[in-house]
Amino acid sequence: MTKSVREILFANSPQNQIATFLTTYPLYRKYKYKFDISKELESPDTLRLTCTRCGPRSVFDYKDKSVLQEIIHIHQPLPAVHHPSKTTREWWETLISIRYHCHVCKFDERFYAISIDRKNKAIWKVGQHPPYSIDISPLLESALGDDTLYYKNALVCMSQSYGLGACAYLRRVIENKMHDILVRLRDSLQAEHADSATLQKIDVALQSNVAADKAKIAAEVCPSYLRPGDTNPFRLFHNELSTGIHIEDEHECMDLATEISATLQHVIIAIAENSQRNDEYLAKLKKVQDRRSKRGKSEG
Ligand SMILES: [Zn+2]
């Protein structure tokens, strides 16, 4: 069975799950945990983040942690207003702060304020510094072109955990980009000598005006370099475009938006990098061949 991106992201230890939560979740988005949480949360020893001095994927070390506040939720049935002794302590949330700093420069810091709700087994960020970024890589921005604005609007919605809005923007991006993606996919398959039946299939889909048709064919011909862990990104796009997954709940929509935005990013960047690698390889080969033919002429 094909695994979703989300399943792969979270199919690991509690510490890794918390690391993913810390580095990718926006404010107020609840993460429902299924493991035991200590009083203060098992913080990962390190996080991979972008340091303003040392660059992307820098190692950040755990620095310190403190309990900011215990919030007690009192269960108080209406008649008990006049009988305070009948109130019961129903459950409590713990607000904690965690800090990390860059392993190399020790200068760049990350601060997270997290609420832990043990009754509902959920954690969420109530503060973060520096704030959740909507910056995207130049490669993704150039591939998205005019749709960069929609994509960033989706990220703005996600930064506030507005899943419904984020899904609507992302759906628009897939609709608009599906043709371009399929054209690039065709180029990459042709460069790898895909059989003519496959290329013909894509050519027929490219004639269609329906983005869902294009996603369906893309799912059928999807090459292995786009399918880490047996996922199929285009199946997700096809589902989204053809049926439009109707979910009312903001949190479920946030999960879907996270899956779609990560998948879009993966597909666009992987195709661009693949074609860049092929171009670089061909350019090197051409240089060698040119040198050989020059030598051949001068010797001949
Ligand atoms: Zn640094």
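Is helix 8 mostly covered or mostly uncovered, and how many of its 10 residues are buried? I found helix 8 mostly covered, with 7 of its 10 residues buried. I counted a residue as buried if 20 or more other C-beta atoms lie within 10 Å of its own, with C-beta atoms placed from the backbone. Helices here are DSSP runs (H or I, at least four residues), numbered from the N terminus.

I noted that this is a predicted model: local features need pLDDT of at least 70, side-chain atom pairs count only at pLDDT 80 or more, and totals for chains, interfaces and linings use all residues. Residues are numbered from 1 along each chain as its sequence is written.

I listed the buried residues of helix 8: Pro233, Phe234, Leu236, Phe237, His238, Glu240 and Leu241. Their cover includes helix 5, helix 7 and helix 9.

I then looked up Leu241, in helix 8 (residues 233-242). Leu241 is buried because 20 other C-beta atoms lie within 10 Å. Beyond four places in sequence, Leu241 touches Ile174, Glu175, Ala211, Ala212 and Ala215. Contact means C-beta atoms, placed from the backbone, within 7 Å. Leu241 and Ile174 are 67 residues apart in sequence, yet 7.9 Å apart in space, C-alpha to C-alpha.

Leaving out neighbours within four places in sequence, I found Leu170 in contact with Ala154, Ala257, Ile260, Ser261 and Leu264.

Technical notes
Helix = DSSP H or I, 4+ residues; strand = E, 2+ residues; numbered from the N terminus. Buried ≥ 20, exposed ≤ 12 C-beta atoms within 10 Å, placed from the backbone. Contact = placed C-beta atoms within 7 Å.
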